Amino acid sequence: LNFWKAPVRIGSAVDLMVPEKNLKFIQNQLRNNDILFDVIIEDVEKLIIQRERKSKEGDDFNRRFRDESSSGQPLYDFHSYGSYTQMIAWMRALARKYPNIVQYISVGRSHEGRSIDGLEIGTKNNRKRVFWIDGGIHAREWAAPHTALFFIYQLVTRYGNDPNITRYVNDLTWVIIPCLNPDGYEFTRSSTNPN
């Protein structure tokens, strides 16, 4: 079973993804124990394939994969979960666009040989504290890498415009590694049954 929403107290709702081969057994167990249930998504694999196909056919497909907007600002689509390759390309573009405050870094390699990369954000003052942010330690933790990417976006694009952000970047060195487990992240993105 894959808990999408884990139990937090007796009587609270729980969301499960059940492999098709176990569905009848789980449904019978729930019925036998007088536990109410609804099937929300009949076929998760089919839904994933439909959505991937739809996103590739949509008008915004080409926009999501361009490197920069018309203003020259590197683009990242925060309304969908991009691939690890897209994350890396966007971070590299930011490092090229903002070399005075952004440095592209690598902290190692994954089991499958992917580079584990991120950004160091800050001004060139050597006597600053370091604030470390990482995400994507667990394979199915898709929101965490994108939360870290949004931190990057806020720090870089608001620097010089927002006094608080400017102070944070001037006073701290931010080391942000959005995805510590790129192998697991990519496996769950590419698999329709990521158990």
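**Reading a buried threonine and a helix pair**

Reply: Let's start with a side-chain pair: T188 and W142 are joined through their side chains by a polar contact of 2.8 Å. Keep in mind that this is a predicted model.

Me: Where is T188 found, and is T188 buried or exposed?

Reply: T188 is found in helix α7, which covers residues 182-190. Buried means under 20% relative accessible area, and T188 has 4%, so T188 counts as buried.

Me: Okay, on to helix packing. At what angle do α5 and α6 pack?

Reply: Helix α5 (residues 143-158) meets helix α6 (residues 163-171) at about 100°, and their axes are 8 Å apart. That angle makes α5 roughly perpendicular to α6.

Me: Which residues make the contact?

Reply: From α5 you have Q154, L155 and R158, and from α6 there are I165, T166 and V169. Sorted by class, the contact of α5 with α6 has 3 nonpolar, 2 polar and 1 charged residues.

Me: Which residues of α6 are buried, and why do they line one face of the helix?

Reply: The general idea first: an α-helix has 3.6 residues a turn, so residues three or four places apart point the same way. Here, the buried residues of α6 are I165, T166 and V169. Looking down the axis of α6, they fall within an arc of 100°, so they line one face.

Me: What covers the buried residues of α6?

Reply: The cover includes β4 (115-121), α5 and β6 (172-177).

Me: And what caps the N-terminal end of α6?

Reply: D162 does, with a side-chain oxygen 2.8 Å from the backbone nitrogen of N164.

Conventions:
Residues are numbered from 1 along each chain as its sequence is written. This is a predicted model: local features need pLDDT of at least 70, side-chain atom pairs count only at pLDDT 80 or more; totals for chains, interfaces and linings use all residues. Side-chain values use heavy atoms; hydrogens and water are left out. Helices (H or I, at least four residues) and strands (E, at least two) are DSSP runs, numbered from the N terminus. Buried means under 20% relative accessible area, exposed over 50%, partly exposed in between (1.4 Å probe, protein chains only). A polar contact is a pair of N or O atoms within 3.5 Å; within protein, one must be able to donate a hydrogen and the other to accept it, and residues adjacent in sequence count only if both atoms are side-chain atoms. Axes are lines fitted to C-alpha atoms, for helices over the stretch in contact, and angles run from 0 to 180 degrees between N-to-C directions. Angles under 35 degrees count as roughly parallel, over 145 as roughly antiparallel, 65 to 115 as roughly perpendicular and the rest as oblique. Contact means heavy atoms within 4.5 Å. Ala, Val, Leu, Ile, Met, Phe, Trp, Tyr, Cys and Pro count as nonpolar, Asp, Glu, Lys and Arg as charged, and the others, Gly among them, as polar. The arc is that of the directions from the helix axis to the C-beta atoms.
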